[in-house]
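Here are a few friendly notes to read alongside the coordinates.

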Amino acid sequence: MQNYWTPERDEELQRHAAAGLSASKIAVLLRTTRGAILGRSNRLRVSLGVMRSFWTPERDEELRRHAAAGLLAGKIAVLLHTTQAAIRRRCKKLHVSLGMMRSFWTPERDEELRRHAAAGLSASKIAVLLHTTRGAVLGRSNRLRGKVFRSDQWLKSKESLRKSATAPTGSLAVGPLTE
């Protein structure tokens, strides 16, 4: 059986390593396995390129700028070509606070909801126009009209019952004392 590692292949391995290629990439170029590349580079005492980190000081600064502008993790992830999870982990490590949660329902959106409802559009059609769900439209319109949910009514009735039960019994005369 012929030895795979010839002096020419060793030299090619050293060239690719000097260029900073990873063991996996060198393995593809030399048509062998990553393990074979790692083993041979150890025997030859060839240092394979140090893993370059995705998070450079420039990227960290860009992350800080986007977070300071109030962008959410998803938007920053798109801008930096990575995942939301990676953004959240890096923010945690750098002690950077991600954009505060802004409400979807701004006064302008509330007014737009009122206009569409006054025009007689259905909740489904309004939801499409506002890029949200029918349930969100129904919930917001109920809150804007001051409707109270049944659960809130039930809590208020229980509270009024509790207050009446703890009130002292008997009447107290309030007024001038007579002897």
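1. Let me begin with the cover over helix α8: its buried residues are covered by elements that include α7 (107-118) and α9 (134-144). Please keep in mind that this is a predicted model.

2. Which residues of α8 are buried? In this helix, spanning residues 123-130, they are A123, I126, A127 and L130. These residues lie on the same side of α8, because the arc they cover around the axis is only 105 degrees. The general rule behind such a pattern is that an α-helix has 3.6 residues a turn, so residues three or four places apart point the same way.

3. The other side of α8 is worth a look too, as K125 and V128 are exposed there. Just after the helix comes H131, which takes a positive phi of about 55 degrees.

4. Next, the pair α5 and α6. Two packed helices are described by the angle between their axes and the distance between the axes. Here the axes of α5 (residues 73-80) and α6 (residues 84-94) come within 8 Å and cross at roughly 105 degrees. Angles of 65 to 115 degrees count as roughly perpendicular, so α5 is roughly perpendicular to α6.

5. Which residues make this contact? From α5 come A73, G74, I76, A77 and L80, while α6 contributes Q84, I87 and R88. Sorted by class, the contact of α5 with α6 has five nonpolar residues, two polar ones and one charged.

6. I76 deserves a point of its own. This residue sits in helix α5. Is I76 buried or exposed? Its relative accessibility is 0%, and buried means under 20%, so I76 counts as buried.

7. What does I76 touch? Leaving aside residues up to four places away in sequence, I76 touches L63, H66, A67, L71, I87 and L98.

8. Read along the sequence, the pattern is α-α-α-α-α-α-α-α-α-α.

9. Finally, some totals. The protein chain has 179 residues, of which 25% count as buried. It exposes about 13,900 Å², with carbon and sulfur atoms supplying 56% of that area. Among contacts between residues at least 6 apart in sequence, 50% join residues at least 24 apart.

Notes. Residues are numbered from 1 along each chain as its sequence is written. This is a predicted model: local features need pLDDT of at least 70, side-chain atom pairs count only at pLDDT 80 or more; totals for chains, interfaces and linings use all residues. Side-chain values use heavy atoms; hydrogens and water are left out. Axes are lines fitted to C-alpha atoms, for helices over the stretch in contact, and angles run from 0 to 180 degrees between N-to-C directions. Helices (H or I, at least four residues) and strands (E, at least two) are DSSP runs, numbered from the N terminus. Angles under 35 degrees count as roughly parallel, over 145 as roughly antiparallel, 65 to 115 as roughly perpendicular and the rest as oblique. Contact means heavy atoms within 4.5 Å. Ala, Val, Leu, Ile, Met, Phe, Trp, Tyr, Cys and Pro count as nonpolar, Asp, Glu, Lys and Arg as charged, and the others, Gly among them, as polar. Buried means under 20% relative accessible area, exposed over 50%, partly exposed in between (1.4 Å probe, protein chains only). Accessible areas come from the Shrake-Rupley method with a 1.4 Å probe; for residues, only the protein chains shown count as cover. The arc is that of the directions from the helix axis to the C-beta atoms.
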